Amino acid sequence: MRFLHTADWQLGMTRHFLDGDAQPRYTQARIDAIARLGKLAQNQECEFILVCGDVFESNHLAPRVIKRALEAMRAVPVPIYLLPGNHDPLDAGSIYRSPAFVDSCPDNVHVLEDTGAVAVAPGVELIGAPWFSKHPNRDLVAEALETTAYEAPASGITRIIAGHGIVDSLSPDPNNPALISLETMQRAIAAGQAHFIALGDRHSVTDVGSSGAIWYSGAPEVTDFDDVEIASGRALVVDLSQPQKPVVTRHEVGEWAFRTLHEELVDKADVARVLQTLEGMTPKDRTVVRLGLKGTLALADNAQLEAGLEAQREVFASLNAWERHMDLAVYVDDSQLSDLGVSGFIAEAVGELSELAQNRDDGADDDGGARDALSLLYRLAGGAR
């Protein structure tokens, strides 16, 4: 028996660094991922799809987002089980109780509203640990296991637990009562009280513990940069044909990428390397890049960099400086000053700007204004072609 384990769809998510047509395309991509997950489930002969929390970005979304998402789920050829998480808890204002959801929910979509066992396939039962508020005061997975009285399922029954939240071993916090106990889960697996525990909330694929039966699936589309989410854009096919030995296979389903580019620049060769790296990224219309550039460049080289970045910004979903990690100084030598063909007061202004652009240590050009002004002047004067 196989099923598809996924989580953190966060349908309706917005990202502050996306503008223009990029945000609508990103919103649509998260809905389009549902179809890809459905196709994957069908091709892998999965019995059902289990979404372990945060199906929606919040409980306050426009009806059109909800209805379009449900229409995409309707086309999926297998049942889909949705677990409310911290973004979309099953509280009084829950999206799962909204008219837009209730009136449009297709027959193949089921919400795990309590910890009762649900028969999801012949010989397979699913026990969910839904969130009922954004700030639970207990371990919800342990509570779900308690509903079984910590007993093994009946002979021939495979039991799956669906949870959402932070496992204590990954992020210990004595002040968070909702942490999921790894010890409790491992004990349940070892005793045969559960055969697989599927988790959501962590957006990177993660094998938790040593049993091989406790996993975060990660999110099907990226939500953060690659130095934060190291294995996002994936889903897991879980084979429980032999319940005591789960076989978990990762599958890439995401189409977007959020990249962080840290570079040290000292000359035109480094500038060319950065621009070539950007040129090689595909697909650019679904790639977001934040730049952390450090070093000292000659005015001509910096002007070439700015011209190249300006051209690339037109084709990337987003290409912007990561201001906290920008520490790029610019200097002007006599030959470059001659290239500008300026004299008098303008030459004096160029000298002052150059001094500001180079004095990084004293914060003289923290916002990069002097550097940008020099580069613009150089380009306008025909120094960068």
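1. Cys-105 has a relative accessibility of 25% and therefore counts as partly exposed, a class that lies between buried (under 20% relative accessible area) and exposed (over 50%), with a 1.4 Å probe and protein chains only. Cys-46, at 6% relative accessibility, counts as buried.

2. This is a predicted model, in which local features need pLDDT of at least 70 and side-chain atom pairs count only at pLDDT 80 or more, while totals for chains, interfaces and linings use all residues. Residues are numbered from 1 along each chain as its sequence is written, and side-chain values use heavy atoms, leaving out hydrogens and water.

3. A disulfide is a covalent bond between the sulfur atoms of two cysteines. With the cut-off that a pair of cysteine sulfur atoms must lie within 2.5 Å, the count comes to zero disulfides.

4. The protein chain has ten helices and 16 strands, taken as DSSP runs (H or I, at least four residues, for helices; E, at least two, for strands) and numbered from the N terminus. Of its 385 residues, 53% count as buried.

5. Helix H1 (residues 22-43) packs with helix H2 (residues 63-74) at an angle of about 25 degrees, their axes being 8 Å apart. H1 and H2 are therefore roughly parallel to each other, the term for angles under 35 degrees, where angles run from 0 to 180 degrees between N-to-C directions and axes are lines fitted to C-alpha atoms over the stretch in contact.

6. On the H1 side, Gln-28, Ile-31 and Ile-34 meet Val-65, Arg-68, Ala-69, Ala-72 and Met-73 of H2, contact meaning heavy atoms within 4.5 Å.

Definitions and conventions. Parallel < 35°, antiparallel > 145°, perpendicular 65-115°, else oblique.
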